[in-house]
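Dear colleague,

Please find below the structure that I am handing over to you. A summary of the findings follows it.

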Amino acid sequence: MKQSLLLVFAFVCVSAISVCAQEAQPQQTAPPPANPGLDVQGIKTYLLGPGDVVDVRVFGQPDLNGTAQVDSDGNLNALPFLEVPIRAKCRTEKEVQKDIQIAYAKLINNPQVSVRISERNSRQPATVFGAVRQATRIEMKRRVRLNELMAVSGGFTERAAGTIQILHTETLMCPEPGEESESAPIDGTRIPLQVIRIADLRAGKADANPLIRPGDYVLVTEAEPVYITGAVMSPGGLYLRDQLTLSRALAMVGGARKEAKLNDVAIYRQVPGSIKQETLHVDVAAIKKNQKDDFILQPYDIIEVSESGMFSKDRIGQTLMGALSSGFSGAISSTGTYLPTRIIY
């Protein structure tokens with residue numbers, strides 16, 4: 001009894017620690033077990049494939065009852081007393097049942113056959129990960145499109161960079177008319193990668209909502225950072241989303257301060273394949289006046305907005321006003337009486 005109580009107590013402690021860890025890390029890096037939210041749909045139209053197992057029952061003939069697995073050629077070969085294999089690949093259980101009934105009719109008078117799929121092993125799950133609310137694996141028991149996977153995974157996070165990468169690991173097993181090219185063997189000389197823009201998916205474009213194959217890896221790319229320092233309202237890092245421009249990035253940190261030198265904003269950019277940096281100079285003031293095109297940022301850019309000099313044309317007014325304010329405040333006594341100030345030339 002004491003050992004049982006200790007085991008229960010240990011299980012409760014482990015469960016509590018697991019829950020705390022999940023709350024502390026809401027974004028999972030490894031996909032959890034398959035999500036059942038999409039799995040239970042479309043089973044009636046499920047098409048058999050290699051590895052699937054069916055349970056065959058013949059009424060009144062117990063010697064003919066049993067299970068059979070679809071082989072690599074897509075056939076059922078293990079049915080008793082049947083020399084000709086039954087074609088099963090890309091067919092429903094009802095279609096297979098009809099063929100088995102016809103085959104046994106040559107041996108038995110009016111056989112009553114029942115076929116039920118007991119195991120669905122022919123399709124690997126699709127995996128969704130990256131900048132989504134919940135990384136997950138989806139069992140592909142029916143035809144599924146990209147927007148359904150995004151809904152099941154909880155949608156995009158604020159770190160989504162703007163693109164979705166779909167890596168195909170298997171060919172389409174049961175293509176419909178017009179999809180024959182998808183069933184061709186994958187070319188080993190190139191990566192079968194498809195890139196979709198999130199903006200196109202949200203806009204409802206048909207080509208941005210493709211069918212997801214079994215075994216696909218769907219990665220919602222995470223944004224990489226850029227950094228803004230200097231004379232801006234809220235210096236810090238930003239996630240680099242699709243085609244982020246310099247003027248938009250400045251707006252996202254609250255804009256530039258009054259003393260900012262906008263005609264010469266420095267951008268420090270890593271030289272590809274080197275530890276060195278190059279310095280780019282951008283005239284944001286000209287961009288605001290539509291005199292120049294906006295500047296497209298790249299990952300890990302460092303944007304430095306410097307301040308204008310105290311006596312530059314942009315700050316001369318502020319400098320003089322500050323000097324006058326300091327002079328007048330210094331000429332007021334602690335009792336509040338104004339004391340005239342002599343200016344020596």
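The charged end of Arg 120 is placed over the ring of Tyr 46, 5.1 Å from its centre. Arg 123 also lies over the face of Tyr 46, at 4.7 Å from the ring centre. A charge is taken to sit over a ring if NZ of Lys or CZ of Arg is within 6 Å of the ring centre and within 35 degrees of the ring normal.

Please note that this is a predicted model, in which local features need pLDDT of at least 70 and side-chain atom pairs count only at pLDDT 80 or more, while totals for chains, interfaces and linings use all residues. Residues are numbered from 1 along each chain as its sequence is written, and side-chain values use heavy atoms, with hydrogens and water left out.

(Ala, Val, Leu, Ile, Met, Phe, Trp, Tyr, Cys and Pro count as nonpolar, Asp, Glu, Lys and Arg as charged, and the others, Gly among them, as polar.) The largest cavity holds about 50 Å³ of space, and the count of cavities of 30 Å³ or more is 1. A cavity is a set of points on a 1 Å grid, over the protein atoms alone, where a 1.4 Å probe fits but cannot get out; lining residues have an atom within 4 Å of a point. Grid points are joined across faces, edges and corners, and the volume is the space filled by probe spheres set on the points.

Turning to the strands, an open sheet of 5 strands runs in the order E7-E6-E12-E9-E10, with mixed pairing. Its edge strands, E7 (136–138) and E10 (193–197), each pair on one side only. Strands are DSSP runs (E, at least two residues), numbered from the N terminus, and two of them pair if DSSP finds at least two bridges between them. Within this sheet, E6 (residues 126–130) and E12 (residues 217–222) are parallel over 4 bridges, and Gly 130 has Val 220 in E12 as its bridge partner.

Elsewhere, E15 (residues 265–270) pairs with E16 (residues 277–282) in the antiparallel sense over 6 bridges. Ile 267 is bridged to Leu 280 in E16. The hairpin of E15 and E16 has 6 residues between the strands, and Gly 273 there takes a positive phi near 75 degrees. E15 also pairs with E17 (residues 302–305), antiparallel over 3 bridges.

Yours sincerely

Methods. On a 1 Å grid over the protein atoms alone, a cavity is a set of points where a 1.4 Å probe fits but cannot get out, and a pocket is an open set with protein on both sides within 12 Å along at least five of seven lines; lining residues have an atom within 4 Å of a point.
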